[in-house]
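Have a look at the picture before you read on.

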Amino acid sequence: MATISARRRRRLNAWALNALTYTVLLVMLAPILWLVASSLQTRGQLASGAYDLLHPTFKAFSQMWASVDFGRYFLNSLIICTGAALLATAFASTAGYALARLRFRGDGTFSVAVVGTQIVPGSMFLLPVFLGFIWLKQNTPVHLFDTHIGMILVYTAFFTPVAIWFMRYFFMQIPPELEEAAMVDGCTRFGAFWRIVLPSARAGLTATFVYAFLMAWDELLFVTALTEHRAETIPIGIRNFIGNYSGDYSQLMAAGVVSTIPVMVAFFATQKWLVKGLTAGAVKG
């Protein structure tokens with residue numbers, strides 16, 4: 001009887017945990033489901049609250065795409081976010097490897113300083129960066145204001161410190177004996193890093209890239225101050241859209257769906273590597 005009672009308790013606990021998990025999941029997904037459902041309705045249906053889920057329409061998407069040149073914002077976001085994520089991952093892989101493997105004077109201080117940069121609010125850098133871009137534009141042939149290159153450099157600088165911390169802990173999980181064996185066989189330190197360490201760190205590299213990409217995709221403050229037209233990204237497009245078409249809720253919902261799709265695709269396509277990469281450093285450090 002005691003065994004049966006224990007089994008019942010375990011089943012009840014499992015059912016309770018499953019019910020709690022699905023409840024939390026439903027609460028988190030409800031706004032996204034509501035967003036998608038609203039984007040498939042007409043303006044009149046949203047105004048009246050008479051949703052027709054059995055006869056969806058994609059008219060809001062075509063109207064939204066033509067209203068504020070949403071394709072330009074979308075392309076700018078892809079270029080800037082991908083470029084910044086690639087550069088941040090490249091810099092973090094080399095710096096993270098150096099902090100994980102090499103011992104040099106001030107390595108501990110440098111590690112703390114890397115994390116310390118995240119304590120300072122990013123808004124405090126906005127004015128100096130803006131004035132620097134304007135000065136370069138007025139006094140040198142280097143133009144970074146309202147350019148893809150300028151925004152890529154800004155985002156790379158902001159996301160590299162955290163990316164270095166991720167990669168440092170991930171490299172610490174890779175046995176150093178692999179590199180030592182490669183160097184015994186004739187590889188240089190860089191050769192062992194390129195041929196042995198980086199392939200073994202695919203999960204960490206993927207996690208770092210996806211992290212930087214997702215953070216850059218949603219950033220609004222700096223792109224608002226440092227762009228005017230040519231390098232505006234999706235957050236600017238959404239803001240402009242709200243200001244110009246605030247009464248057309250179906251198009252607003254469609255814009256929200258389009259801006260969310262790349263983020264969801266990037267996350268779910270790399271979910272396994274992202275989780276593995278982010279948790280690798282939590283085991284040992």
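Is the crossing of α8 and α9 left-handed or right-handed? The crossing of α8 and α9 is right-handed; a crossing counts as right-handed if the near helix is turned clockwise from the far one by less than a right angle, and left-handed if anticlockwise.

## What you're looking at

This is a predicted model, where local features need pLDDT of at least 70, side-chain atom pairs count only at pLDDT 80 or more, and totals for chains, interfaces and linings use all residues. Residues are numbered from 1 along each chain as its sequence is written, and side-chain values use heavy atoms, with hydrogens and water left out.

The pLDDT is the predictor's confidence in each residue, from 0 to 100. For the protein chain its mean is 83, and 92% of the residues reach 70 or more. Over residues 281–285, though, the pLDDT is below 50, and this stretch has five contacts in the model beyond near neighbours in sequence.

## α8 meets α9

Helices here are DSSP runs (H or I, at least four residues), numbered from the N terminus. Helix α8 covers residues 176–184 and helix α9 covers residues 189–200; they pack at about 125 degrees, with their axes 9 Å apart. (Axes are lines fitted to C-alpha atoms over the stretch in contact, and angles run from 0 to 180 degrees between N-to-C directions.) That angle makes α8 oblique to α9: under 35 degrees counts as roughly parallel, over 145 as roughly antiparallel, 65 to 115 as roughly perpendicular and the rest as oblique.

So who touches whom? L178, E179, A182 and M183 in α8 meet R189, A192, I196 and V197 in α9, where contact means heavy atoms within 4.5 Å. Six of the contact residues are nonpolar, none polar and two charged. (Ala, Val, Leu, Ile, Met, Phe, Trp, Tyr, Cys and Pro count as nonpolar, Asp, Glu, Lys and Arg as charged, and the others, Gly among them, as polar.)

## α4 and its partners

Helix α4 (residues 70–101) and α9 have axes that come within 12 Å and cross at roughly 105 degrees. That makes α4 roughly perpendicular to α9. From α4 come S93, T94, Y97 and R101, and from α9 come R189, F193, V197 and L198.

With helix α10 (residues 202–218), the axes come within 8 Å and cross at roughly 140 degrees, which makes α4 oblique to α10. This crossing is right-handed. Among the contact residues are F74 and L78 of α4 and F209 and W217 of α10. By class, the contact has 13 nonpolar, five polar and no charged residues.

Methods
Helices (H or I, at least four residues) and strands (E, at least two) are DSSP runs, numbered from the N terminus.
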